[in-house]
Amino acid sequence: MANVRDFEYIAEIARYGSISKAAEALYLSQPTLTKFLQRVEREAGQPLFHRVGKRFVLTPAGEVYVARAKSILQLEHQLEQELADLAAMRSGSIRLGTTAGRSSYIARQVAPLFRQEFPGVRLLLHISHTERLMKMMQNNELDMALANCDQDFPALSADPIGEDEMVLVVPANSPLVDKARRKEGFRFPVIGVEHWREEPFVLSASISHSYSLAMDYFRELGITPNVVMEMQDLRAVMDAVEMGVGVSMFVSVPYRSGRALRYLSLGRRDAPKQTVSVITRQGTYYNEAQRRLMALLKENYHLPED
């Protein structure tokens, strides 16, 4: 008879497609995990994986097994959470995922408030790009995520908490700040393209959604930007802009008070926008502390000019 750990081990082999990598993640020896898999396949009466070179690829039976394994592991996690909630949820941990640009918002604005109410609950903050966060949510590796989610993902729900827009980001002492003008219907002062098209740019890495949106916008305007630096971490992009390396363009995110930055609107009512949401799993029980964290994420999400 299989136990919960059996399901976890098989799910990890499927996740990594490798006995050695799964064994490393599970802190087991490779021979131990190999013997375990052989036992489970004997009990199942059929192989769960095809051996393709060094890769382990799920058989049809393996796909069924792993799908049920993930459901059982989620139920186990839900049971643990419910029992913890009955004990007033004064200990334990919450796995929260977000993108790099919003990590400072959580660390500086949300985490202190949450800790005041739940000092014994540990926040485990995972920072990655949106696609990876959604996969982690689907694999039950996160309890919730704060991210832009512009498509439907099976078994996930998105609760919108705000709308971000593509903006020009400049140092607070930039002459562009004085050239920008307030206009009705725009959140930030508006700057015309003629004022910034020759500026040096610091952009997010090419794998980021903000980079794609910015480059699409440049192409639409017929501009070839003078890109002097690209960085994977949006926080580093902000640092570079703050130090005068160049200006940037990305989807607006909250940033800490005291940063010597300014957001400027592009002057288009149809400028690219994204809805930021708290992402949860459908049908999952969320305890008192988790529900309060969701509320704090929503209540405190404000951009500098809001």
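Modeller: The chain has 11 helices and 11 strands, and bear in mind that this is a predicted model.

Biologist: OK, what makes aspartate 6 and arginine 39 a salt bridge?

Modeller: Their closest N and O atoms are 3.2 Å apart. The cut-off is within 4 Å, so the pair counts. Aspartate 6 sits in helix α1 and arginine 39 in helix α3, 33 residues apart, so this pair links distant parts of the chain.

Biologist: And why is aspartate 6 called buried?

Modeller: Its relative accessibility is 4%, and buried means under 20%. Arginine 39 comes in at 27%, which lies between 20% and 50%, so arginine 39 is partly exposed.

Biologist: How do you know that aspartate 216 and arginine 219 are about one helical turn apart?

Modeller: Because they are three residues apart in helix α9.

Biologist: What makes arginine 219 exposed and aspartate 216 partly exposed?

Modeller: Exposed means over 50%. Arginine 219 has 56%, so it passes; aspartate 216 has 42%, so it falls in the in-between class.

Biologist: Why does valine 245 belong in a nonpolar surface patch with Val228, Met229 and Met243?

Modeller: Patch residues need over 30% relative accessible area. Valine 245 lies in the loop between α10 and β9, and the four residues together have about 360 Å² of accessible area.

Technical notes
Residues numbered from 1 in each chain as written. Predicted model: local features only at pLDDT ≥ 70, side-chain atom pairs only at ≥ 80, totals over all residues. Heavy atoms only, no water. Patch = residues over 30% accessible without salt bridge, like charges linked within 9 Å, V, L, I, M, F, W, Y side chains within 5 Å. Areas by Shrake-Rupley, 256 points an atom, 1.4 Å probe, with all protein chains shown as cover. Salt bridge = Lys/Arg side-chain N within 4 Å of Asp/Glu carboxyl O. Helix = DSSP H or I, 4+ residues; strand = E, 2+ residues; numbered from the N terminus. Buried < 20%, exposed > 50% of the residue type's maximum accessible area, 1.4 Å probe, protein only.
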